[in-house]
Amino acid sequence: MHQEDPYGGCQHTCLVVSLKSGNKPTPALWVTVHTDIQDRIQRLLDRLDASFLERQGQTRLALLSLLSGHHMLMLGPPGTAKSLLARAVCRCIDGGRYFEYLLSRFTHPDELFGPVSIPGLKAEDYRRLTTGYLPDAHVAFLDEVFKANSAILNSLLTLINERIFHHGTHRDPVPLLALLGASNEPPDEGSLAALYDRFLVRVAVRPLAGPDSFLAVSLGEVEPFEPLDADRLTLEDVAVVRQESRKVTASAAVRQTLLRLRAALLAEDITASDRRWRWAMELVKVSALTSGRYALEAVDLLLLQYCFGTPFETDARVQRVVCREILTTVHPVFDLQSLRDAEAQLSQPLGPEASLSTARAQRLSLVDMVLARAEQLEQGVDMRRSDFLRRASASVWIHEIPPEVFTAMLVARSAARDLCLPLAARLKAYRPKLVSFQPVNSLFDTFSLEDQLRSIFSSSDDPAQAPVAWVTAGSREAGLMPDGRLRGGIARPVGVLNVPLDEDLLLQVRQRRDWRRVARSVLAERAALPESVVSVLIAMLGHYRRAVSAEGFPLPDPAETEGGG
């Protein structure tokens, strides 16, 4: 009995021991019992680590593959404990049957699947006696797996993918939890591509590198793997884990990371079928569940580096891509970009129709936001880094953090500091200038300084002159003299025309090249002024524009470029 999976797999009933209708564990039940399973997994891994030096990654991936129902391929030279590791993983399962075989071009199907039943042949019923052979195993190890000949290959593919063994007219479900394969190198024949694709996890197994590990192994000082009976996982435990892992969910952030990761792998010409992605996510869901969570997190996705590409050839590229995309949750690239965008927005001149009060309020709000974010960003990078490392250490399957992660974290912190400290200094200096910017006050102050009046107009006051109009702006007022000056401290003559000015007009005069046209248009709307008065007003505004050097709305000081002073 089995249920076909649309992605090429098979959900078989041989493991569903206690999960029939009405007896499925709920999340609350799993939360209650998961600590026991998780603790046993951790103790098993600790014992495996003690017996398999420098094999922490391989032992974890093998046990995780077994729990998730997927197969693992180990690529490496002979004598690197591949078969020993497979036997040890099988011993982690209470009641699990183990099958091991070294394949060659001359391996006969009988050696793998069992002999043909002679009584069956006599009864015209072709079938094999599978007890003690591959179709009867819970965990199997096939060394030199790619040397399987064509007589074996088709049956092997169906068995490991669908968990169905075809012999004669019989289609028997098999109890296989996981197949561990080994080879010195990846297959180079197209006929073996289908078999190679069936191995979700592909991992390199290299000779021992550390001197202590080498001495311990070569001198026989490593204890053999002996799991305690109380720590071993039952077939029911495996079934519960698989059933519950289907309830693990992915947040919007994780979904976006997966989309970016898929696109990045394609850009590196590393392709994967939809089925492989489905299998890979089943693996990481089991990882999350057995780490005590019903939600995937970025740290779980680190395991994807073992599900794509080929070890020894592309694993470096795959690891780089996986780490880079996952670290977008740690690296503040989007925070930094938002700060750069905000700084660029503050450095843009106002539009020609901008209102001073609105623009000032918006920019003050933006300055305060950027300052607050800049002050928090470096601390935020540290917090996200600590959170990522904490979650990684809480996972039983992540035995080490790739060096690329630490490098990216240091780069993130340095980038945050390099941007935030100078930016905060510039904006702290800019804010008072923004607050104190008052075009009306600067207009009247420009003409109130006697020395500046002389330098601008090269003339002296004539008390006999009378103002041609009276200029008012806010609480300030002054007479408009015929030579285009504003003169304060005099009485307003009776009947003189009143000309109201405001900050928005003065801002346009300061920052627009066509300020004369704008000023004439505005003045024409506000009062019926004779052309002679308008001409004097334009002259006065021109004096003002020159006095402030046509400086418009205040902007932050530009960032120093590399090599700048």
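Biologist: How many disulfides does the structure hold?

Modeller: This is a predicted model, where local features need pLDDT of at least 70, side-chain atom pairs count only at pLDDT 80 or more, and totals for chains, interfaces and linings use all residues. Residues are numbered from 1 along each chain as its sequence is written, and side-chain values use heavy atoms, with hydrogens and water left out. A disulfide is a pair of cysteine sulfur atoms within 2.5 Å. The number of disulfides in the structure is zero.

Biologist: Is Cys323 buried or exposed?

Modeller: Buried means under 20% relative accessible area, exposed over 50%, partly exposed in between (1.4 Å probe, protein chains only). Cys323 has a relative accessible area of 1%, so Cys323 is buried.

Biologist: Which strand holds Val201?

Modeller: Helices (H or I, at least four residues) and strands (E, at least two) are DSSP runs, numbered from the N terminus. Val201 falls within residues 199-204, which form strand S10.

Biologist: How far apart in space are Val201 and Leu180, C-alpha to C-alpha?

Modeller: In sequence, Val201 and Leu180 are 21 residues apart. In space, their C-alpha to C-alpha distance is 9.5 Å.

Biologist: Which element gives the most to the lining of the second largest pocket?

Modeller: Helix H2 (56-68), S10 and helix H12 (315-326) each supply at least two lining residues. The top contributor, with five residues, is H2.
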